[in-house]
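Here is a short briefing on one protein model. Keep the sequence and the 3D view open while you read.

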Amino acid sequence: MAIDGKTICGSGNTQHKAYHVISAFVAESQITLGELAVEEKTNEITAVPELFDLIDVKGSVVTADAMSCQKKIVEKITEAKEDYTIGLKQNQPALYKDCEEYFQAFSSERPSVTTQEKEHGRREYSLLKDLSWLEHAGEWSGLKGLGMVKNTVVGKGGTRQFTRYFITSLTDNKEFADSVRKHWSIENQLHWCLDVILREDASRARKDNSPLNLNVLRKTALNLVSQAQYGHISKKRLMFKAALEPELFLKILFSSKK
């Protein structure tokens, strides 16, 4: 269950700023289970716990970026009996510093899971489960591990390396690695599709609740197209084909298989 926000760039007017919509997205089925709209990106911190009250995701692994790395949010997640993997950055300076210094000193001694991806290069996933040295570990509900992902990309400009850190309630390195990879589905399968395929940011709908209503309809359309099975063609091409073939359109609309 990936949690992330996206701003509907063209939705602002003289009465309100552009809406920022936080979505709960299921990576495996590419379904948006719930969403909340706020007027500022920084309001995600208070809105994410409210979003959990709208959906039942018991037993899921919740993933989120560093904006959601807050004690109240992880407490809300564990109360719902869910696991989590959340990005860690310098908005939690003490925890980030401890995590960074530990992995810089001992990362070579820790077992890791490695993947090689064409577009994203080589990734090493390492999970630290012994947190007895971490002074404030008990303040974070359900915290069982600190994770590190080292990304190495070789390109025309040379070799680049990026390192990211995470807090997690998971204790299996492979499961941690899987949760990190699947979090990107909300960017690739939802936000990218809303912008590129359905051109949400180019929409000029601004009056009343029209931007939010259209946002729900776009996500519903993407869900239907994602569930459709019609060979190996892109979502955009399938939508164009459905516009020309009423029979195919009805199959997608009523979730009928080919």
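T85 has T168 as its bridge partner in β9. That contact belongs to the pairing of β5 and β9, which is antiparallel and spans four bridges.

**Strand β5 and its neighbours**

- β5 also pairs with β4. These two strands run parallel and are joined by four bridges.
- On that side, I86 in β5 stands opposite A64.
- β4 and β5 belong to a β-α-β unit, together with helix α2 (residues 71-79). The unit is right-handed.
- Is β5 enclosed or open? β5 is largely enclosed by the rest of the structure, because five of its six residues are buried. Buried here means under 20% relative accessible area.
- In a regular strand, side chains alternate between the two faces of the sheet.

**Largest pocket**

- The largest pocket holds about 310 Å³ of space.
- Its lining counts 19 residues. Closest to the centre are D65, K89, R164, F166 and W184.
- Which elements supply at least two lining residues each? They are β4 (61-64), β5, β9 (158-168) and α4 (173-183).
- β9 gives the most, with four residues. This is the strand that pairs with β5 in the antiparallel sense.

**N209**

- N209 sits in the loop between α5 (185-197) and α6 (210-227).
- Its relative accessibility is 46%, so N209 counts as partly exposed. That class lies between the 20% cut-off for buried and the 50% cut-off for exposed.
- S11 and N209 are 198 residues apart in sequence. In space, their C-alpha atoms are 9.6 Å apart.

**Confidence**

- The mean pLDDT of the protein is 87. A value of 70 or more is reached by 95% of the residues.
- Where is confidence highest, and where is it lowest? Strand β5 (residues 83-88) is highest, at a mean of 95. Strand β6 (residues 112-117) is lowest, at 73.
- Where pLDDT is low, the predicted coordinates should not be read in detail.

Terms used
Residues numbered from 1 in each chain as written. Predicted model: local features only at pLDDT ≥ 70, side-chain atom pairs only at ≥ 80, totals over all residues. Heavy atoms only, no water. pLDDT = per-residue confidence, 0-100. 1 Å grid on protein atoms, 1.4 Å probe; cavity = no way out; pocket = protein on both sides within 12 Å on 5 of 7 lines; lining within 4 Å. Points joined across faces, edges and corners; volume = space filled by probe spheres on them. Buried < 20%, exposed > 50% of the residue type's maximum accessible area, 1.4 Å probe, protein only. Pairing = 2+ DSSP bridges. Right-handed = clockwise from strand over helix to strand, strands pointing away.
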